[in-house]
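Here is a friendly briefing to read alongside the coordinates.

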Amino acid sequence: MSKLRVGILGGTGMVGQRFVSLLENHPWFEVAVIAASPRSAGKTYEEAVGGRWKMPTPMPDAIKNIIVKNVNDVEEVCSQVDFVFSAVDMTKEEIKAIEEAYAKNETPVVSNNSAHRWTPDVPMVVPELNPEHLELIPYQRERLGTKKGFIVVKPNCSIQSYTPALYALREYGPKLVVATTYQAISGAGKNFAEWPEMLDNVIPYIGGEEEKSEQEPLKIFGKVVDGKLEKAVSPVITTQCIRVPVTDGHTAAIFVDFEKKPSKEEILKAWKEFKGLPQELNLPMAPKQFIQYLEEDNRPQTRIDRDYEGGMGISIGRLREDTVFDYKFVGLSHNTLRGAAGGAVLIAELLTAKNYITAKE
């Protein structure tokens with residue numbers, strides 16, 4: 001099939017750059033438009049990014065000379081793409097408005113932003129966990145008055161390090177979870193050159209992160225009722241979110257109680273055998289083995305394990321019974337791959353496979 005034409009909104013930032021890198025040789029998608037702030041518009045992509053290229057691989061040659069468009073020129077961008085990824089850096093209200101403007105221009109939006117995560121008819125999806133939430137799209141289209149346009153969002157990057165592990169155990173009824181996340185600086189869109197005060201330092205606060213980490217898993221565990229997403233009431237989750245001096249990879253220390261306590265062997269079997277629709281459909285970005293368990297006492301480690309399955313897999317370790325809770329374990333996910341751009345690309349692949357995203361006439 002001919003490739004679908006993709007626009008990247010906010011393409012000059014760190015997540016936008018990750019989209020550019022991931023889509024360089026994608027079998028289904030090709031970057032047709034890069035849009036950014038008015039100050040970047042009219043420049044080549046290489047000029048607009050300047051010395052701020054943060055990816056470990058070089059900027060793709062095919063992208064360097066693309067002329068960046070003004071993200072506010074919605075109709076012009078929409079006329080040249082089949083769908084867009086959104087990674088814009090704006091206020092929450094501005095993001096809501098511009099993403100709806102693109103959707104109302106009959107252009108599907110796959111968003112990396114948090115602005116629409118609690119809009120009742122906007123699916124927030126981890127493709128392996130809750131693909132059935134895409135059933136909200138027809139209801140959202142009805143509200144927006146569109147035939148093709150809609151918005152789907154990916155959840156917070158930090159919850160990917162533990163929510164899949166809990167979701168795989170849902171038959172045992174996880175009921176109480178204490179999670180402490182240790183989050184890489186790339187989650188703030190920065191590297192050590194830009195943020196030298198993070199060297200040899202830990203900051204025990206990330207604005208807004210704890211509320212997201214406690215509430216967003218309940219939306220993923222929730223269900224579609226009368227055209228809206230009804231979040232789950234359990235597990236009850238409490239978190240602390242800490243910034244640590246790591247480039248990439250969010251780690252989580254998890255304590256969990258169950259309604260029906262499984263054996264350690266049952267937990268490990270559930271993790272090993274867990275797969276979702278992306279694996280069944282063999283989507284290009286889907287990890288073959290979504291969750292891996294590492295037996296070594298000193299794993300998972302960010303430097304060694306964050307790139308598991310191309311950064312799209314989840315690594316778990318140190319599962320053991322606890323003196324207060326039923327079990328405790330450690331999880332790790334790559335925050336800018338599975339947790340950001342890679343997760344969004346996988347959502348777009350699922351939407352394409354399910355015919356929610358199609359080529360425009």
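How far is the sulfur of C241 from the closest cysteine sulfur, and in which residue does that sulfur sit? The distance is 9.3 Å and the partner is C157, which is too far for a bond.

Before going on, please keep in mind that this is a predicted model, in which local features need pLDDT of at least 70 and side-chain atom pairs count only at pLDDT 80 or more, while totals for chains, interfaces and linings use all residues. Residues are numbered from 1 along each chain as its sequence is written, and side-chain values use heavy atoms, with hydrogens and water left out.

**Cysteines**

- A disulfide is a covalent bond between the sulfur atoms of two cysteines.
- Counted as a pair of cysteine sulfur atoms within 2.5 Å, disulfides number 0 in this structure.
- C241 has a relative accessible area of 0% and is therefore buried; buried means under 20% relative accessible area, exposed means over 50%, and partly exposed lies in between, using a 1.4 Å probe and protein chains only.
- C78 also counts as buried, at 5% relative accessibility.

- Helices here are DSSP runs of H or I with at least four residues, strands are runs of E with at least two, and both are numbered from the N terminus.
- Helix α1 spans residues 14-22, and because 7 of its 9 residues are buried, the helix is largely enclosed by the rest of the structure.
- The buried residues of α1 are M14, G16, Q17, R18, F19, V20 and S21.
- The cover over those buried residues includes the strands β1 (4-9), β2 (29-36) and β4 (83-86).
- Helices take part in that cover as well, among them α2 (45-49), α3 (61-64) and α12 (337-353).

**How α1 meets α12**

- The axes of α1 and α12 come within 10 Å and cross at roughly 50 degrees; axes are lines fitted to C-alpha atoms, for helices over the stretch in contact, with angles from 0 to 180 degrees between N-to-C directions.
- That angle makes α1 oblique to α12, since under 35 degrees counts as roughly parallel, over 145 as roughly antiparallel, 65 to 115 as roughly perpendicular, and the rest as oblique.
- On the α1 side, V15, R18, F19 and L22 make the contact (heavy atoms within 4.5 Å), and they meet L337, A340, A341, G342, A344 and V345 of α12.
- By class, this contact of α1 with α12 has 8 nonpolar, 1 polar and 1 charged residues; Ala, Val, Leu, Ile, Met, Phe, Trp, Tyr, Cys and Pro count as nonpolar, Asp, Glu, Lys and Arg as charged, and the others, Gly among them, as polar.

**Cis peptide bonds and R299**

- The peptide bond from S234 to P235 is cis, with omega near 5 degrees, and P235 belongs to the loop between β9 (228-230) and β10 (236-243).
- A cis peptide bond also runs from R299 to P300, with omega near 5 degrees; P300 sits in the loop between β12 (291-294) and α11 (302-305).
- R299 is found in the loop between β12 and α11 and counts as buried at 17% relative accessibility.
- Not counting residues up to four places away in sequence, R299 touches L294, I304, D305, G317 and R318.

**Positive phi outside glycine**

- D200 is not a glycine, yet its phi is positive at about 55 degrees.
- D200 lies in the loop between β7 (174-183) and α8 (209-220) and counts as exposed at 79% relative accessibility.
- N282, likewise not a glycine, has a positive phi of about 55 degrees and is found in the loop between α10 (277-281) and β12.

- K96 lies in helix α5 (residues 92-104) and counts as partly exposed at 28% relative accessibility.
- Leaving aside neighbours within four places in sequence, K96 is in contact with A115 and H116; the C-alpha atoms of K96 and A115 are separated by 5.8 Å.
- T163 is in helix α7 (residues 163-167) and is buried, with a relative accessible area of 2%.
- Beyond residues up to four places away in sequence, T163 touches L129, P217, I220 and F221.
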